[in-house]
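Hi there,

Here is the structure I promised to pass on. Have a look at it first, and my notes follow below.

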Amino acid sequence: MVQERGENQPAGPTEGVEAMEATQRQLRINLRLWGVAGNSGEEVLRVHSGEAQHLEDLLGRTLTLGESNSALLLAPRGTGKTALVEGVLGRLQERGALREGLVVRLSGLLHTDDLQALREITRQLRLEEAAAKKVFRSFAENLAFLLESLRGGSKETAKPAIFLLDEFDLFCHHRNQTLLYNLFDAAQSAQAPICVLGLTCRLDVVELLEKRVKSRFSHRQIHLQMPHAFDPHYLNTFKTLLLLPDSFPFKDFARTWNKTVQKLASDPAVVQVLRQLHATTTDARALKSLLLLCVAQLGEDSTCLTPQMFTKAETLFTQDAKTNMLRGLSALQLCLVVAMKRLAEVYDGEPYNFEMVYREYLKFSLKSSMQSFDRPVVFKAFDQLMSLELVRPVDQSCRVQRGYQLVQLMMTPTQVKEVLAQMPGLPTDLHHWASSSLP
């Protein structure tokens with residue numbers, strides 16, 4: 001008879017691997033669905049409780065009373081517009097108000113013209129067969145047929161519909177704004193119980209509407225503000241993204257993991273990393289990117305998050321693309337970069353040309369034990385740096401010989417010095433030249 005493992009007994013190797021794999025899957029779901037699922041959705045609704053109540057009342061009147069409405073939800077990217085809407089729809093679902101209603105989701109990124117949007121509306125309303133049997137003379141007639149199909153014979157039995165238009169500003173660039181005109185016109189004239197809700201980050205989006213469209217819009221706007229408090233909002237978001245839910249199958253592992261997350265939220269090293277990121281941007285997407293780098297370091301040997309993982313993730317997250325590019329350059333190209341660094345220091349940031357760089361390189365090669373190259377080879381290496389956009393012409397319209405064209409290095413002397421100091425295998429002569437003071 002096999003004895004079952006007790007609650008306090010350690011997990012076996014196989015179960016430990018399975019728990020780790022399940023943890024990584026769950027954390028990726030947390031990061032992907034932040035604000036939409038579970039505790040994260042409740043956090044968004046709690047932070048924006050006033051706006052959530054306003055939106056719930058607006059959508060509720062359409063679903064329960066058959067009242068037609070239109071509104072815009074305005075907020076910077078990463079604030080939680082979509083999360084707020086999904087949370088409100090979840091509340092309405094729990095109340096039973098959404099039982100007979102339909103939700104049509106459109107995106108300006110996916111539906112780039114009105115015909116694509118109309119086909120998607122038809123698909124989501126499941127009216128493909130009915131629409132295929134009719135011939136429509138115009139876009140308005142086609143949309144009117146779809147809305148009329150929702151009525152079910154009378155206003156009392158009509159099915160309410162909520163149209164969610166994500167990236168609303170992109171719909172404003174459609175030809176003649178036909179879709180927006182017909183949706184707003186249907187809402188204003190109460191052809192069918194619909195609510196048109198646009199989500200956008202552009203505060204001037206109303207100015208993009210044509211006059212005839214603007215006259216049919218209710219001009220109701222709901223603004224979301226990004227919470228700027230580090231404690232408790234930012235720390236709560238951090239914990240919400242990492243905590244495992246109650247439904248997680250490995251209960252013992254989940255309890256240990258969640259205790260570790262609570263400790264990390266008060267660890268000085270982790271808090272310092274989070275504060276620096278928060279000072280740069282309050283966008284939750286940046287925090288998700290940082291945490292994804294931490295989650296990627298988990299494995300069989302590292303089954304818990306540590307402060308060292310956050311420090312390493314911050315280093316990777318804050319690396320500049322151009323500084324990373326330096327690590328793949330040849331020794332000759334690095335010599336030219338150091339030469340330009342020294343010229344920038346000598347001339348206090350003023351531009352220089354290839355001839356000046358080449359002269360600086362010659363001074364170094366005469367005293368160095370490194371292999372020296374002829375002028376054509378050096379010029380080709382310099383041209384490759386321009387192709388990589390590490391070096392940029394000051395004035396591209398100026399027609400002069402390439403060797404005399406004024407250029408600038410797209411990195412500061414301090415950045416070059418710090419990157420070269422951390423590069424393993426750098427030739428000793430080049431290292432000394434890069435770190436030496438000017439003569």
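**What I found**

Buried residues account for 46% of the 439 residues in the protein. Please keep in mind that this is a predicted model.

Let me start with the overall picture. The protein contains 21 helices and seven strands. Its radius of gyration is 30 Å, well over the 22 Å that the globule rule gives for 439 residues, so the protein is more spread out than a compact globule. The C-alpha trace spans about 95 × 80 × 40 Å along the principal axes. As for the contacts with a separation of 6 or more, 71% of them are between residues 24 or more positions apart.

Helix α18 covers residues 354-367 and helix α19 covers residues 375-387. The two pack at an angle of about 120 degrees, and their axes are 11 Å apart. Since angles of 65 to 115 degrees count as roughly perpendicular and those over 145 as roughly antiparallel, α18 and α19 are therefore oblique to each other. The crossing in which α18 passes α19 is right-handed.

Which residues in α18 and α19 meet? From α18 come Phe354, Glu355, Val357, Tyr358 and Tyr361, and they meet Arg375, Val378, Phe379 and Phe382 in α19.

Best wishes

Technical notes. Residues numbered from 1 in each chain as written. Predicted model: local features only at pLDDT ≥ 70, side-chain atom pairs only at ≥ 80, totals over all residues. Heavy atoms only, no water. Axes fitted to C-alpha atoms, helices over the stretch in contact; angles between N-to-C directions. Helix = DSSP H or I, 4+ residues; strand = E, 2+ residues; numbered from the N terminus. Parallel < 35°, antiparallel > 145°, perpendicular 65-115°, else oblique. Left-handed = near helix turned anticlockwise from the far one by under 90°. Contact = heavy atoms within 4.5 Å. Rg over C-alpha atoms; globule rule 2.2 N^0.38 Å. Buried < 20%, exposed > 50% of the residue type's maximum accessible area, 1.4 Å probe, protein only.
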